[in-house]
Structure formats: C-alpha cells, structure tokens
Amino acid sequence: MKIVTMVLAAALLAAHTLPAQPSRTDSLSQLIAGTSDPNEKARLLLLRSKSYAATETDKPMADARQALAAYQQSKKEEGQVDAYLQVSVLYSRQSKYRLALEIDSTARELAGRLSYTRGMAMALSQMGRNQQQLGDLKAAEENCLHALQLFREAGLESETADVHSRLGVIYRRLSEIKKSLYHYDEGIAVAKKFHSDAILGVLYMNKANSLNEAARYDEAIEMHLQSIRIKEKLRDERGLMQSYNNIALVYMRTGQPDASIGYFRQANELARRFNNKTGLGYNYVNLATLYINRHHKDSVPYFYEQALAAFNETGEQPGLGLVYHNYGNFLLEENKLEQSEQMLRRALDIRRQTKAGYDIASTMNVLGSLMTHQGRMKESESLLLESLAMLKDENSRRRQDAYKYLSEYYKAAGDYEEAYNYQAGYISMRDTLATESEVTNMLRAQAQYEVEKRDAQLLLQKKDNELQAALVSRKNQQLLFLLIALVLALLLSSVYFINYRNKKQHAAALELKNSQIETLIRELHHRVKNNLQVVSGLLSLQSGRLEDDKARQAMEEGRARVDAMAMIHQKLYMDKDLAAVDIRDYLDNLSLSLASSFGYDRQHIQTTVAMPKQSLDIDTAIPIGLIVNELVTNAFKHAFRDTLDPRVNVSLERTNDGHMLLTIADNGRGVSVPADPSRSFGMKLVHTLVEQLNGTLQLQQDNGTAYRIQIRA
C-alpha cells in the first residue's frame, strides 16, 4: 500500500518578485536619503521593500511599515492600501497566513471605500491565497474570481496571470482538474504576452502539479523542468525550493527514488535556510514517504511529528490533513490499527472541512481498508463506495486504490463475483497507469536507434572524405604532369608549391578524421553510459516489485555496480582525455553517491588521492571503482549499527616502490571474515578484481576494519 503524498501547495509564499540586485537596493537607499517629500519617500520605501532578496524578512518589513506610517501621516489612503498589501506579502512569506489575511481584509475595505480598483483586486487575490493555505477553498475561489473580474474591468490584464495561477491551485485542491488546467493555460498565455518570467515559472510548476494528480507524469516532468530552468535563470531560490520538492514527488510516485532523493535534499536545504515552516512541513512528509519506500522505518514517526509541529505553527489545515492521512496509512501498514484509525479520522475531519474532494476520497479509501481488516464490513463498504463515487471521473491512483480496496472488501465478505469485478477494474487501471517499463523500453529503443543512425552517418562521411581525398590527389597529379610538360624552367618552384599544398591538405584531412574519431568515441562512451543507466533503472524497477528481501538486496547491489561503471563512462565522454579517468574526482563522486544512498552525507566519508599523476586508464579505474563500491557498501550496510559517529576513509596513493596502495577503512564494529571467500559474492568479486589488477589484499581489524590492497604498476 503506497502512501498518498500531496504535492507542495503552489504559489504559497508568492510575492513573485525577482531576486534583488545590490545596486538596485543601494540606488533606492540614496534616493530615500535625498528626498524630503513624505509621500515620495513612502513610495521609495515600498520599492526598496520589494527589492530585497527572498531570504530577507526584517529589512523589507521595516521598510513596508515605515511606508505605511508615512502614508497614514500624510493621509494618502491609496498608498496605505499598497503598504498594507506589501506587509501581507511579507507575513505570508513567513507562513503567518492568518495575520496576513487580516491585513488583506483591512486593505480590501479601505480600497473599496476609495473605489481603488487595483488595490481591491490585489487584496482579494492575496486573501484567496491565504484562505487556500488555511484550507478555506470555497472562500478562496470566490475571492480570486472576484479579483479576476476586477482586473479585467480595469484593463489590468498583466495582473491576471497571478490570479489564474491561484485559481488553478484552488481547483486542483477541489478535484476539478479540467478547470485547474484551463486557468494555468490562461495564465501562461498572459505571462508570455507580458514577458513575466517569474510568474511563468510558478505557472509551469503549478500546472505540473495538476498533471501529476491526473497521472500524466511525463508531461508533469516536462513542465517542472521548464519551471526549474526559469527559476535558475532568475536565481529564485524560494521558487526552486518548491519546484525541487514537487518534481521529486513525481519521480517518487513513478518508482524512481534515486532521482527523487537529490531533489528532496536540495529542497530541504533551501527550506532550512529560509526557515520556511510550510516548506519544512511538506519536506518532512515527503522524507517520511521516501524512508518508508527505502525500508528505513525507524525515522518515519520523527518526520511526521516534525511535520505536525510545523503545520500546527502555521495553522495550515491541508498540511495537517496530509500528515494525519499519511501517518495513519503508515500505522495501518505496521498493523497498529487503533492508532491508525485515530489518525485517519482526524485527517478525514480536516479534509471534509476544506472540501478537497480527491483528498477526502483518498482518506476514505484507507479508512475503509482498515475497517475491512477489523471486520467492520458495513462501515467499510459505505466508505469505499462513497469514495469511488467521488472518483468516478478521475483516472488516477486514487481510483485504482478504490478498486483494490473494494476487491479486498468483497473477498473478505465472501462475495467473490463482486471481488472479481473490482479486481479486474484495479488491474485495468494499474496497466493503464503503470507504464514505466514501456517508457523505459521506448527510451532504450530510441537510444539504440540514435547510436545506429549516428554510426551510419559517420561511416558515410568517412567514405565521402576518402573519395574526395582520392579525387584531389588524382587532380593534383594531372596538374603536376601538365606543369612539368609546359614549364620546365619552373620545375623546382612548382614541385615545392605542390608538395606544400599536398601536405596542408593531408594535414587538414587528418585533423578532420581525428575530430570525427574523437566525436565517435565520445558518443560511444555517452551511449554506453546511457545504456548502463537504462539497465540501472530496469533493476530499480524490478527490485521494487520483488517481495523477497534477499532478492531485492541482490538486485540493488547489482544496480550499484552498474552505476559505478556508468560513472566511469560519463567522465570519459565529458573529460578532454578519452582514455583516462581523473581518479580523484571519480572516487570522490562515487563515495559520496554511496553514502547518500544509505542516508549519510559528506562528513561521514572522506577520499584521499596522493599520486603524482591523477589520471588512470579505464582498465585500472573500473576494477578500482568496483572494489570501492563493494567495500564501502559493506561498511555502510554492516559496520555502523552501534557506531555513534560513523566514518569511512578511502585513499589511493603511490608507494615508494612505484606501486599503488588502495585503502578502505571504517571505524565500525569490525567484521568476521568467512574462511571461504566464495560464500560471499561481493567478497568473491573483490578477490577476483584484485587478481585482475595483479594485486594483493590484506585485512586489518583495529578499532574498525581496514582493507589494504597493493596494486602492482
């Protein structure tokens, strides 16, 4: 049973302003210091408040409040509305949505009394954003639609893109995906028309979230990547925090945890830097799901408790509903039925208040399954049928889950005909949605086609170049004989000139041929790397379907070995030297990748390369990489169960006698080595690779385990 994870609510902290440039802030500061007019000073203070980087909160808030005080003193009420709206934006950025909503209401009332259309529309739009965050979706919808109408009536088309984005989020939460996508497309058209890159990045991300809900995963990934490109260009780190979290969820939902974990870590780092409670809350939920999928369940309750604390602080009901739902689902899988029911009922109460249809149906599915396990058949059937009715027009995993749980219910109730019917529906949905293997096969076939096409083009070009060279050579010979016959007096000068030209042409042809060979070799390394990654992906997909832990572990170990070899080929086609690998960079990346896969970071692993020449040929680098992969993996898997500060050191150095010494050492509890190394496939592989390198292996156990491998040059 998979935990349903809601995507991070889009546009939740939006001021949608570009990151500040220091020169812009400094220029405004000079203008503020040079003006004596209170209203002009207040206007400049508001501009400076909006110019600070997203990481700043105190300075922009001080400017906004000072501007508000100046406008109040001069009794310029339109300026007061603008200042109130900026203060609200800054409170929203700090996840203080209730306080922001109160300030927006004040701004709306004042703008209405003044007939200040733009101010009233902005206030309504921001109220909708804050109400959506707090779970009052219907009120949010009403205010955003009113704001959209006012902007259109006032001819402020450029302002509508942001409102369309917020309406798209609201309709996704209300389970109206078609309306959601409509508003995103409308907003994207406006943002492109007015070249509003910042809001365009937000719209792409939010549209991707709705596509993810509709199980259109390939389109969702494409939208997320477009959003990330824009935000990276704008250096919008707050926006990137949201995008990294959301794209990671798509990869996790499609069974690609390795792709998701990197994005989750980047999102978590940014959320901590901004002290963004909303971002941290959703990130903790996602990390809990990731740890469940990786079978590291000890940390899961901690992540859920941290998420609950974050959402209780911000008062976000959708976030609380998500945590209680996922926590209850986890407890159900752990067979803690009473605690699970308490969590799920809290989730259902919250989600019914927010009227988020998909979320309500999702919780009903899990609660109905729990009741089936408890034998509460009438309650279970009622909940599951109600959930299916809510999902009748949806093509997603929630509807698939409803079929699955109803099949389990009717099987438990003894109605095997109905159980069969719903099981058939579940299988049909599963086959429709689970297209990962098809996508992988298509990618593999496309990659093979591209390699064959490129090889054919290079071969044809090579033959054409050889033919051209032959024609040029024949023509030169004819000219030579003609010149000898006609101008005997100029024989020496003509021979010199022709020889010079021939050498130049041959040099150019040789340079062209060398360039083509280099391109071909790089392309081959690139394709080998791609094919190894396809194999790695297939092994990852297959391991997710295996129920036997030993088989799954063996599959994951095989995938790690494939990844180690793929990294070699990646470096070969990226580096200038096509025949050698920068062993320092390779070992550093390989070690860090292995540590991350077991939940450790850079401080737990250190690589040292002390060699006059850092490059090694591929025949030496690949066995060394595989040996490091095996021994570092063994350390992280077996050595640190009782170690408070786990450390692994990987070093490669050149000894005085000209040989190499590879050392992999940890500070764990030590290992017991079997008398027969063949009993362990990993150690058998290590011994085989050591022999291949014409080396010797020594094991030392003193405050940990150290493998020392002497490699003869």
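**A close look at one helix**

Guide: Helix 12 is mostly covered, with 16 of its 17 residues buried. Buried means under 20% relative accessible area, exposed means over 50%, and partly exposed lies in between (1.4 Å probe, protein chains only). This is a predicted model, so local features need pLDDT of at least 70 and side-chain atom pairs count only at pLDDT 80 or more, while totals for chains, interfaces and linings use all residues. Residues are numbered from 1 along each chain as its sequence is written, and side-chain values use heavy atoms, with hydrogens and water left out.

Helices (H or I, at least four residues) and strands (E, at least two) are DSSP runs, numbered from the N terminus. Helix 12 covers residues 237-253. Does its length agree with expectation or depart from it? The expected span is 1.5 Å times one less than the number of residues. For helix 12 that gives 24 Å, and the end C-alpha atoms are 24 Å apart, which agrees. Glycine 255 follows the helix, and its phi is positive, near 75 degrees.

A salt bridge here is a side-chain nitrogen of Lys or Arg within 4 Å of a carboxyl oxygen of Asp or Glu. Glutamate 237 counts as partly exposed because its relative accessibility is 32%. Arginine 273 is also partly exposed, at 44%.

**Other salt bridges**

The structure holds 18 salt bridges. One of them joins lysine 193 and glutamate 157, with the closest N and O atoms 3.0 Å apart. This pair too links distant parts of the chain: lysine 193 sits in helix 9, glutamate 157 in the loop between helix 7 (137-153) and helix 8 (160-173), 36 residues apart. Lysine 193 is exposed at 51% relative accessibility, while glutamate 157 is partly exposed at 34%.

A further pair is glutamate 334 and lysine 297, whose side chains meet at 3.1 Å, N to O. Here both partners are in loops: glutamate 334 between helix 16 (317-333) and helix 17 (337-354), lysine 297 between helix 14 (277-293) and helix 15 (300-314), 37 residues apart. Glutamate 334 is partly exposed, at 31%. Lysine 297 is partly exposed, at 31%. Salt bridges that share partners also join Glu341, Arg345, Arg376 and Glu379 into one network.

**Loops with positive phi**

Most residues other than glycine have a negative phi. Lysine 75 has a positive phi near 60 degrees. It lies in the loop between helix 3 (58-74) and helix 4 (77-93). Its relative accessible area is 67%, so lysine 75 is exposed. Histidine 195 has a positive phi near 55 degrees. This histidine is in the loop between helix 9 (177-193) and helix 10 (197-213). Histidine 195 is exposed, at 69% relative accessibility.

**Further along the chain**

Leucine 538 belongs to helix 23 (residues 491-545). It is partly exposed, at 26% relative accessibility. Its C-alpha atom is 8.9 Å from that of arginine 559, 21 residues away along the chain. Isoleucine 627, in helix 26 (residues 618-639), is buried, with a relative accessible area of 0%.

An open sheet of 5 strands has the order 2-4-5-7-6, with mixed pairing. Its edge strands are strand 2 (605-610) and strand 6 (695-701), each pairing on one side only. Neighbouring strands are turned by 10 degrees against each other on average, direction ignored. The axes behind such angles are lines fitted to C-alpha atoms, for helices over the stretch in contact, and angles run from 0 to 180 degrees between N-to-C directions. Two strands pair if DSSP finds at least two bridges between them.

Strand 4 (residues 648-654) and strand 5 (residues 660-666) run antiparallel, joined by 7 bridges. Arginine 654 stands opposite methionine 660 of strand 5. Strand 6 and strand 7 (residues 705-711) are also antiparallel, with 7 bridges. Glutamine 698 has arginine 708 in strand 7 as its bridge partner. The hairpin of strand 6 and strand 7 has 3 residues between the strands, and asparagine 703 takes a positive phi near 55 degrees there.
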